[in-house]
Structure formats: C-alpha cells, structure tokens
Amino acid sequence: MLRTFLYALVLFVSGASSARADKVIYAADHNTGKVVKFKEDGTPLWEFPNRSAHDVQVLANGNILINPRSVQEVSPEKEIVWEVGPPLVMHAEACQRLPSGNTMIADNGTHTVIDITPDKKVVWKYDVPGGANMRMVRRLANGNTLICASSSNVVLEVNPQKEIVWKYELPFPYLAERLENGDTLISSGDGAGQRGYFLIQVDKDGNTVWKYGGEDAPKEEQLNWPSGFSRQADGTIYVSECRSALIRVISPDRKTFQIIKSPVMEHAATIVVVDEEKDQSSSAAPKDQTSTVHAFDFTAEAFSGRPDGRPKELWGYNGQFPGPEIRVREGDRIRVNVQNRLPVATSIHWHGMKQKNNWQMDGVTSVSHAPIEPGASFTYEFVAEPAGTHWYHSHTGLQYSEGLYGPLIIESKTNDYDYDREQVLMVGDWFVEKSDDIFKKIKSGAYMKAEKPGKGSAKPDYGDVPFESFIFNGKGRSPDRSQGERNTFMVEKGETIRFRIINSSSTYALKLQIDGHPMTVIESDGHPVQPVTVDGITIDIGERFDVLVKANGSGTHAIRAATLGGKTGLALLQYKDSLVTKPAKDVEWGSTIAGPSLVAPQPVDLPATGERSVELNFSGSMMPYAWRINGQEFPDRPSVGVQEGEHVRFVMKNPTMMAHPFHLHGHYFRVLGRPGELNLKNPPLKDTITVSAKDAMVVQFDADNPGKWFFHCHIEWHLGIGMALVVQYPDL
Ligand SMILES: [Cu+2]
C-alpha cells in the first residue's frame, strides 16, 4: 500500500498525470471566502471574492453559481447576473441550477429547501425535518430531491409530494451524489476524530459497496475532512480534504491516488472539476457551439388522481400529471430513461421534435421501435430541435389520454420576443372512464348521437365521445361543477406573458380566449408566424400556439375553453392584488384564428417543380366504426414511399362530417390551404393541421429525413381504429 502511495505521488510530481484530459478545478474556499479556479498543477486561473462561498456549480452557459449566503450567478467577467437573497433566502448553504432554469436552494436560515423560478417564484418548498442544517441539495433525474440534512446526520431522498422515500444515516454528511446504477456516494465530513472521516458508496438498501478512509483504513488513505467531491465520467473521484487544503484524486479502479495543491486553496469546501476544453468560461469558442446533455428518468406508472375532481386511476410519469416539464435549450441533447411500471407495453413520442436521422427515437410503437414491455426500460436520446412549444405523449394504443403526456419546451438560442415571463398552458378534454372502455362504447354504437347536430344538419360533428370536462395543466371542474377546482393563474399588472398553449385532448378541438385580454399569436408548432392579434384561438389536438398577453387590467378573468359545439370549461386569470375571485359572466366570444389562417412572417421560397403529389381521401362511418385514408386502415395498408430530396405534397380530401387534425412526424410541412386557392407566397410551417369537415387541405414538405414516419389523425379514437399511414424512405 505504501508503495502504491509513493508511486502515485511520483507520477504526479513527474508531471505525467496519466491519460486523463486536462482538468480545471473550481473550489469554494471557506477560509478566504473566495471561489477560486486553478489547473491540476495548481496554477491559479480565476477567482471571485465574496464573504463565505460554500457551494459552486459551473453552468451550461459558462457562468458560475455560488452562494455567499445569498445565491449568485456570476459571469466569467465577474458580473453578478442573477441573485436571490433575503427575505426569500436567509442563509444559503448549497444551490443547484436545474436544466429547467429553476434553482434549488438549501437555506439554513429557514431550514428549508426551495425550488425557485428565474423570476424568483417558489414552486416547491420543503421544511427539513428537525430544522436540520444542510450542506447539500440536489434535484435528481427522477424528480426527487437529495438532501444532506447534515446536522441530523442523515441523507434524505424526498419525492415531489414531500415524502421521504430513502434515507441513510452517517455522521455529518457533507455531499451526496446519486450514481447511474442507483448507488449513492456520500462524504462524511465530521468523523469521530482524525481517523473517522470517510467517503462511502452505499446501495439502495443501505449496504456498503465501497468505503474510503475511516477508522479501518490504512494511514495513507486517511481523509482529513472530506467536504466536497467531484466524480468524473470515467469513475475518477476528486475529493477536497478541506482541513489539509488539498484535493485527492482517486483513480477509477480506486487503487491509487494523486494529490493536488494550489497556493490559492486554503480550505476547499465544495469543488467542481471540469475538462479544460469544455470549460466555457475560459474557452474562446462561441458558447452556443457546445451542447449539453440533459438526462431525465421517467417512470410510467399508475397512480390515483382527480384532475377534474372525480377520482380516476391515472397513468402518468413519475406520479405527476401532466408529466414533468422538460425544458432545455435548442441544440442541447435530451436523454430520457423510461422505466415501464404499467401493466402494458408503452412508448413515448416527442411531438414536434425533428429527430433528424434519428427515426428510431420517435416513439411510435412498432413503427419506430419495439414496445417497451412491462418491467422493461428504454432510453430515448435526441437533439432538442426546433425551438418552441412541444409536448411528449405515449404513442402506444389509446394511452396518452390516461395521463401519459407532458410539456416539452425548447428555449430559443436567440431571444426573439419581448415578454416578462412564460406560462405553459396544456389544455384538453378529460373523461372519467378508461380509454379502452370509451373505445368499446364508441365501437358498439353507444355514442352515435354524441356531440352531433343530427342527420341532415349542415353543421359538422364535433366529437365521437360526449363532452365531459376541460382541464388546464391537469386541473378543472367536474361536468356537474360539484367537484374539482379551476386552475388559477396569477398575474401582475403591467407584465407581458408568453402563454405556450398545447391542446392535449383526445377528442376535441377547442376555442380558447382570456376574457378582456387580446392575444398576439407569435408562433405555432415551434415556428414563427406573422404576428396577429385576436381575442382567441382555435387550436386542434396536437397543435401548439404561442401567444403574448399583456396584463393591463384588474380583477379576475375567465380563461375560457370551448368545444366548437359550445361546451365550455374555465380556468382563471387573477391579478395579484385582486380581491375579486370570480370572473365576469357571459362575456362574448370575440374573434379567433385557427391554424389554416396563419401565415409565415416572411415570403417563402417554395420549390415550384419536382413535387410528388399524393392524394389522400378520407372516409368514415360510425357503424361499423371506421376512419380510413384511401379506403384503408393502418396497419393493413401500404406505406407512402418517398425519396430523399423530393418535395412531397399531400392533398387531403375530407368529405366526412368531422374535422381531422393531421400530424406528420419527422418533418415540418408548409400549410398551403385548399386546392385551387393555394397560398404559395407565405404558407406557415407546422407539423399538425386540421382538415375541416367537407373540406380539403394541401400541405407540402421536403423529404429530408430518411426513416419511417407516422402521419395520422390525432383524434385518439380515429388513430386507434387506423386513420394513419407510414411515410417510408427506401432501404429501411
Ligand atoms: Cu380524425
């Protein structure tokens, strides 16, 4: 053992510091109160003075997040670009910026852990049991929160419902990290005497997998107060021994170690170790050329809920409905590990993602990949593009309307619009019965008269299932209004809000308006449109509209959703200082705009020749229940073959009495409009468009993404019966 020690030391001293990439180290120093940055050989690179730096995180944008009692985001130029302190945060001891842009803070002044938005709204708050002081908080990929309740000598894992789902007791845990295999690595920062400090890896059941230091360890492996550590992808662990003012580098096989010292490090608490070439704050490369991987753990499972007040067994992700918001920057990579704990096979489609050369990650069961069987897992990985408002949902059977969906927000690299804050609004219909039971009823003819004006009427049919309720971000009132509550969105007078609106229905297109608040439509399906100010929008299933709303009123207003047949559901827009909690009644519906009427912001250069035209004729019947394209139903139908480089036109003719929202995977199409009245000048770019009853619609797309891609009606029941086809490139 002694020989190993000497060898390692020699290795380091001779400068041949192994085959690892060159690293830079950020350390929060308790003695000097500075955050310092230095090379592995100890050369100082950068420092930021403050009173009592304790935690440090290097952000994807190159800034540094630290907490000298308040929490500060500091640029490499040492500007404080964001800060939160008293009265919200009294004594921050640890902090973490999440991929969503929110920040987790462990506040030892109030003994709470909070999750706050960039505009400092607390979205989650946890009172630490016993008022324990903390040294660390980390939100895990599974949505739970890992907390070192240090003065209580315990590490806690707490779920979003604030239940403790895992704990491990040891003397004064300083830092804890959840490893990929589910184990937890913890530093014990207050051992009983000099031979008591240790670093330990424990499994889910609390069994010791590995231990370094502590009473039983040989002399050269004694740790002198291991406060922070930084684990590298190859398994190397950097441990800061704050009382020795050194960093110990433990090899991936954990058999040898090296020692790093720097003249600027006196008492390193938390450290971060990053590859030198990836250290953006010292790199000359433009910051937007680096892409970050954001990893998420999703568990698809059953749990109970009452979205519109009525109890129902939901199927959803991580016990949340709607599912967790995924919010990352354009060009970053998204990695989602899906564990299937449902009784049936599942999959997730990332609605709106281009999935360039990545069709196997598109999530349509048996088209993109094999179903994820019960008990199995699958990892999706894809580039977050294009920017905009998107969503994810199960694409297996009739599952998404059980609750298997959530928002997928890709933030633009360029700040394109002027607004103060954002609000995602997932609005959709809700039914209390299981989808499979609804589907059986539809097929049996039980809903022949559902939302249908009747034979001979000139009006279209609005839905195959009798309307029950609308839910806004998973919340609404029951059909008889006796249960559930309206979702209330608070606003401040003077602010401009970007609403990211997603229709997550199974059955109904809807009109949406915020009474007394005109909205300016700026994007649809992740692409800019020529801004248009209207009273409301008509949004079909799967479509997204981004609108800007100026809060320049007072009181409380209805956010009103209605089927095109006039059945309504409300949420509320309430001004912060308002004492009125009820909206005005009987407000008139104003002007609305729908997808086919949007136009692109600039003239479009459409290829005039070379397009392949494919005629798609819809038909349907209620008894037997059938919805068809060219008389055929998926999967018993041929694919539509396309060649890379072609400009493909789909001419959809819909003589039926229902509108059908059609969604194309892997491509965006130009919405040209009715045959004979084509808009070839400035057609908008979208991925979902409604084809109205007794109407027709032409779309055109560039065949630029080889793969097998679904094209289908997004009404759950129409898709379920086979109103779908596969767009297929050769040799796949
Ligand atoms: Cu349809």
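Two strands count as paired if DSSP finds at least two bridges between them; a strand is a DSSP run of E covering at least two residues, numbered from the N terminus. By that criterion, β27 pairs with β32, residues 405-411, in the parallel sense over 4 bridges. Within this pair, Ile326 stands opposite Leu408 in β32.

Before I continue, please note that this is a predicted model, in which local features need pLDDT of at least 70, side-chain atom pairs count only at pLDDT 80 or more, and totals for chains, interfaces and linings use all residues. Residues are numbered from 1 along each chain as its sequence is written.

The pair belongs to an open, mixed sheet of 4 strands, ordered β27-β32-β31-β29. β27 (326-329) and β29 (348-351) each have a single partner strand, so one side of each is left without a neighbour in the sheet. Neighbouring strands are turned by 20 degrees against each other on average, direction ignored, with axes fitted as lines to C-alpha atoms and angles running from 0 to 180 degrees between N-to-C directions.

I turn now to the nonpolar cores. Such a core is a set of buried Ala, Val, Leu, Ile, Met, Phe, Trp, Tyr and Cys residues joined through C-beta atoms within 7 Å, where buried requires 20 or more other C-beta atoms within 10 Å of the residue's own, C-beta atoms being placed from the backbone. The largest core holds 111 residues, of which Val427, Ile501 and Val699 touch the most other members. A second, separate core of 65 residues includes Phe38, Tyr197, Cys242 and Phe257.

Definitions and conventions: A residue is buried if 20 or more other C-beta atoms lie within 10 Å of its own, exposed if 12 or fewer, and partly exposed in between; C-beta atoms are placed from the backbone.
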